Amino acid sequence: MRVAMVGTGYVGLVSGTCFAEMGAVVACIDNDAAKIKRLRNGQIPIYEPGLDELVKKNKAAGRLTFHDNIRQGIAGADIVFIAVGTPTGIYEGQTDLSYVYAAAEEIASYLQQGTLVVTKSTVPVKTGERIRKIISKKNKGLKFQVASNPEFLREGCAIKDFLEPDRIIIGVESQTARRKLEKLYAPLLDRNVPILVTDVKTAELTKYAANAFLATKIAFVNEVADLCEKTGANIEDVSAGMGLDHRIGKDYMKPGPGYGGSCFPKDTRSLVYTANKLGAPTHIVATVIEANERRKLNMVDKISEAAQGALRGKKIAVLGLAFKANTDDMRDSSSLVIIPELLKAGAIIRAHDPEAISHARNLLSGNIVWCEDKEAALKGADMAVIITEWKEYAQLDLAATKKLLKKPLIVDLRNLYTLEEMEKAGFTYVSIGRNPVTKIKARK
Ligand code: UDX
């Protein structure tokens, strides 16, 4: 199959590369000529484990090419995917679809008869209808179809999520479109990956509903964690106990500093906006958004309490800036709320992240020392705060960490350690939804 992928951002590049890996001949297209040049030279613009090797391999095999010329890129394509960005628009929650519509407009004149146009970008329900209208208006007489095929890729494990998905969702208008997409996904369908075939609007909405539901799970567990802190119950066990019920499931049940990233915050807001506009408000999702915002600020109170209210002049080693581990993405990261609040309270931040520092530098300013390694951040700090669950923070040499810190005080917003090991190592340890380990006196 010949596939054209319009947009080489996160979704477009990962999807295009994975389709090539599955045997399709893929042309990735972007109007950013400099980016295309870099991709042709093997430079990958995003941090995603395994992506550069896969690009290299499929490029060498002749299945993956990069184009800044849309006409050239989509020539001969059986399926054209639209995978451009859908940022937040000017109104709270509204989705800016200008890139999607511009892409539809740009491809319209060059589509061959019978082409299938598929949205991979996350777009509000009924966007497919608008795409159809734009193309029909520009290229009268063209026979084409519109479909929706949402992605469910998590940053940091996007390749695995693409090649070993839980399910494939396709929204189509005809059996021809269905057959084309089934042929494209045949290598996965042969391995019995479930496929749900539905109409375009339903596929569009499924993506938002799935993300909003996962966000709800997280927000719910975070609130139960607060209750655990008030009562002395243990959130890890509550969460595991709930998750063992297969109707609830164990995933997305980890408490933390509030969800972030490029999808959950944007998609939940977008769903609320669309639902309000259509007169079917999603009250639950609206509350989840509010609870998640509050959560980030509550983390500041937690840190302040651990420091006994005295943040002014305190050196705080912040371990982790990205919204989660294995990504350099800072979008809607809790660190972007927590750090400015700590700075406002007069703290001095010693920040470390294995991948996200260069992005973080552009987003945060003030009394921050950017540290090359975690040891530099910890050295001489009054306390450490773990915001992101990077493996290297879960495997700290606790004895060495204790020596580096001025006081053995750790606030862990990801529950990376057991209370027992922290007690044994002699730390004052404050985590989420669990009793604090408090009996240790400051090192003389
Ligand atoms: C998400 C969806 O999972 C993916 O299907 C969708 O297509 C894009 O959005 P991603 O943003 O990469 O993927 O991150 P994900 O791993 O889902 O985590 C989102 C946020 O939730 C992170 O801030 C993470 O730390 C937080 N989280 C996740 C929790 O706090 N607890 C959990 O149990 C799981």
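Which domains each give at least three residues to the shell around the ligand? In this predicted model, they are domain 1 (2–198) and domain 2 (208–291), each of which supplies at least three residues to that shell.

**The shell around the ligand**

- The ligand is surrounded by 18 residues, and the closest of them are E155, Y252, K254, K324 and R414.
- By residue class, the shell around the ligand comprises nine nonpolar, seven charged and two polar residues.
- Among the contributors to this shell, helix α10 (residues 200–231) provides the largest share, which amounts to three residues.

**Polar atoms facing the ligand, and burial**

- The side chain of Y252, a residue listed with the closest to the ligand, places an N or O atom 2.6 Å from an oxygen atom of the ligand.
- The backbone also takes part: an N or O atom of the G260 backbone is 2.9 Å from a ligand oxygen atom, and a polar backbone atom of F323 lies 3.1 Å from an oxygen atom of the ligand.
- The ligand would expose 670 Å² if taken alone, and 93% of that area is buried by the protein.

**The second largest pocket**

- Two or more lining residues come from each of the elements α10, α13 (283–306) and β14 (428–430), and α13 gives the most, with seven residues.
- The lining of this pocket divides into eleven charged, ten nonpolar and six polar residues.

**An element found in both places**

Methods. Residues are numbered from 1 along each chain as its sequence is written. This is a predicted model: local features need pLDDT of at least 70, side-chain atom pairs count only at pLDDT 80 or more; totals for chains, interfaces and linings use all residues. Side-chain values use heavy atoms; hydrogens and water are left out. A residue is near a molecule or strand if one of its heavy atoms lies within 4 Å of it. A polar contact is a pair of N or O atoms within 3.5 Å; within protein, one must be able to donate a hydrogen and the other to accept it, and residues adjacent in sequence count only if both atoms are side-chain atoms. Accessible areas come from the Shrake-Rupley method with a 1.4 Å probe; for residues, only the protein chains shown count as cover. Helices (H or I, at least four residues) and strands (E, at least two) are DSSP runs, numbered from the N terminus. Ala, Val, Leu, Ile, Met, Phe, Trp, Tyr, Cys and Pro count as nonpolar, Asp, Glu, Lys and Arg as charged, and the others, Gly among them, as polar. Domain bounds come from an automatic or database domain assignment.
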